[in-house]
Amino acid sequence: MASKIRNKPIIIGFLLIIALFIYVSLFFIFKEPSSPYFLAPFFVIHNHDVNSHEVTVEVLDQHNKSIINQTYSLEPRSDVSQSRPLSLWLQQEKREYTFKVTMDGQITNKGNLEILDSHTSVSIRLYTVVGETIPYDKLREPIPILIEAVEY
């Protein structure tokens with residue numbers, strides 16, 4: 001009886017070590033872009049401006065159901081990413097989503113994008129035109145918000 005009680009902590013410790021090993025292994029599998037199990041972020045917002053901005057992103061699925069409606073505060077020349085909702089982790093077929101992006105409550109851009117698989121992400125760029133940063137100018141029309149799908 002006493003030996004069974006002494007063996008329990010050893011068995012529990014061994015099981016905890018195995019569980020920790022599996023958890024760490026899965027973390028690296030899902031973070032490695034070359035892995036078939038890699039999950040790209042759902043979207044990334046890049047602020048190329050020298051000023052801070054508040055950005056609201058609303059994402060609608062193919063049935064016009066809102067799956068994300070969140071506001072982010074971005075510092076100058078910073079990025080923020082949104083992980084995939086749990087319902088999209090195992091997505092294997094392409095789906096179309098509508099991204100509505102509002103910057104500082106004024107400038108809005110809306111785009112319909114196909115997310116092909118878990119390796120596809122959406123890049124939202126502020127104060128940039130096709131990857132080229134453009135300075136703010138009050139005399140110019142509003143700066144576009146570029147929304148594009150990217151593959152990892």
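Colleague: Where is H53 found?
Modeller: H53 sits in strand 2. Bear in mind that this is a predicted model.

Colleague: Okay. Is H53 buried or exposed?
Modeller: H53 has a relative accessible area of 7%, and buried means under 20%, so H53 counts as buried.

Colleague: Which side chains does the H53 side chain make a polar contact with?
Modeller: One partner is the side chain of D49, at 2.7 Å. The side chain of D104 is joined to that of H53 by a polar contact of 2.6 Å.

Colleague: And what does H53 touch, if I skip residues up to four places away in sequence?
Modeller: With those skipped, H53 touches N47, Y72, S73, L74, M103, D104, L126 and Y127.

Colleague: How many bridges join strand 2 to strand 5?
Modeller: There are 6 bridges between strand 2, residues 53–60, and strand 5, residues 95–103. Those two strands run antiparallel.

Colleague: Do strands 1 and 7 run parallel or antiparallel?
Modeller: They run parallel, and 5 bridges join strand 1 (residues 43–47) to strand 7 (residues 120–126). As an example, F43 has V122 as its bridge partner in strand 7.

Colleague: Let's talk about the inside. Which residues touch the most other members of the largest nonpolar core?
Modeller: Those are F42, F43, I45, V57, F99 and I124, in a core of 22 residues. At least two core residues come from each of strand 1, strand 2, strand 3, strand 5, strand 6, strand 7 and strand 10. Strand 5 gives the most, with 4 residues.

Colleague: What is I124 in contact with, leaving aside neighbours within four places in sequence?
Modeller: The contacts of I124 are F43, V44, I45, H46, V57, V101, I145, L146 and I147, once those neighbours are left out.

Colleague: Now a loop. Where is E75 found?
Modeller: E75 lies in the loop between strand 3 and strand 4. Its C-alpha atom is 6.9 Å from that of N51, although E75 and N51 are 24 residues apart along the chain. Not counting residues up to four places away in sequence, E75 touches N47 and S52.

Colleague: Zooming out, how many helices and strands does the protein chain have?
Modeller: The chain has 1 helix and 10 strands. Starting at the N terminus, the elements run α-β-β-β-β-β-β-β-β-β-β.

Colleague: And what share of the residues is buried?
Modeller: Of the 152 residues in the protein chain, 34% are buried. The accessible surface is about 10200 Å², with 59% of that belonging to carbon and sulfur atoms.

Colleague: Last one: what share of contacts with a separation of 6 or more is between residues 24 or more positions apart?
Modeller: Such pairs account for 60% of those contacts in the protein chain.

Key. Residues are numbered from 1 along each chain as its sequence is written. This is a predicted model: local features need pLDDT of at least 70, side-chain atom pairs count only at pLDDT 80 or more; totals for chains, interfaces and linings use all residues. Side-chain values use heavy atoms; hydrogens and water are left out. Two strands pair if DSSP finds at least two bridges between them. Buried means under 20% relative accessible area, exposed over 50%, partly exposed in between (1.4 Å probe, protein chains only). A polar contact is a pair of N or O atoms within 3.5 Å; within protein, one must be able to donate a hydrogen and the other to accept it, and residues adjacent in sequence count only if both atoms are side-chain atoms. Contact means heavy atoms within 4.5 Å. Accessible areas come from the Shrake-Rupley method with a 1.4 Å probe; for residues, only the protein chains shown count as cover. A nonpolar core is a set of buried Ala, Val, Leu, Ile, Met, Phe, Trp, Tyr and Cys residues joined through side-chain atoms within 4.5 Å.
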